[in-house]
Amino acid sequence: MQQESAEKIAIDTLAWLAADPDLFGVFLGVTGASVSDVRAQAGDPQFLAGVLDFVMMDDAWVIRCCDAQDMRYETLAQARAALPGGDLPNWT
């Protein structure tokens, strides 16, 4: 996957996340970001990588996100691999 496609997937994932007030609140709490921070950084590939990292912390979130966007479950991991830091080894 190319970085441009990965960024699009991550932006769509961010939109999905922002549409769920409870989960978005968890995201803001975990990251320490404010809503204005999210708006300002929504185009930053490193921030978008963090969005995908967050969603991929829980299989249920991955399933909900992918089902809502009609994409395969492995798509988020593929997109993450194409963003900054995605080439790090996965030890799990």
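Me: What covers the buried residues of H1 in this predicted model?

Reply: Look for the elements in contact with them. Helix H2 (21-31), helix H3 (35-41), helix H4 (45-55), H5 and helix H6 (75-81) are among what covers the buried residues of H1.

Me: Which residues of H1 are buried?

Reply: Ala6, Ile9, Ala10, Thr13, Leu14, Trp16 and Leu17 are the buried residues. They lie on the same side of H1, because their arc around the axis is only 160°.

Me: How many residues does H1 have, and what does it reach from its first C-alpha to its last?

Reply: Compare the span with the expected one. H1 has 16 residues and reaches 22 Å, close to the 22 Å expected at 1.5 Å a residue.

Me: At what angle do the axes of H1 and H5 cross?

Reply: Helix H1 (residues 3-18) and helix H5 (residues 59-69) have axes that cross at roughly 105° and come within 10 Å. Angles of 65 to 115 degrees count as roughly perpendicular, so H1 and H5 are roughly perpendicular to each other.

Me: Which residues in H1 and H5 meet?

Reply: From H1 come Ile9, Asp12, Thr13 and Trp16; from H5 come Trp61, Arg64, Cys65, Ala68 and Gln69. The residues of this contact divide into five nonpolar, two polar and two charged.

Me: Is Thr13 buried or exposed?

Reply: Read the relative accessibility. Buried means under 20%. Thr13, found in helix H1, counts as buried because its relative accessibility is 0%.

Me: Which residues is Thr13 in contact with, leaving aside its neighbours within four places in sequence?

Reply: Thr13 is in contact with Val51, Leu52, Val55, Cys65, Gln69, Met71 and Leu76, once those neighbours are left aside.

Definitions and conventions
Residues numbered from 1 in each chain as written. Predicted model: local features only at pLDDT ≥ 70, side-chain atom pairs only at ≥ 80, totals over all residues. Heavy atoms only, no water. Axes fitted to C-alpha atoms, helices over the stretch in contact; angles between N-to-C directions. Helix = DSSP H or I, 4+ residues; strand = E, 2+ residues; numbered from the N terminus. Parallel < 35°, antiparallel > 145°, perpendicular 65-115°, else oblique. Contact = heavy atoms within 4.5 Å. Nonpolar A, V, L, I, M, F, W, Y, C, P; charged D, E, K, R; others polar. Expected span 1.5 Å × (residues − 1). Buried < 20%, exposed > 50% of the residue type's maximum accessible area, 1.4 Å probe, protein only. Arc of directions from axis to C-beta.
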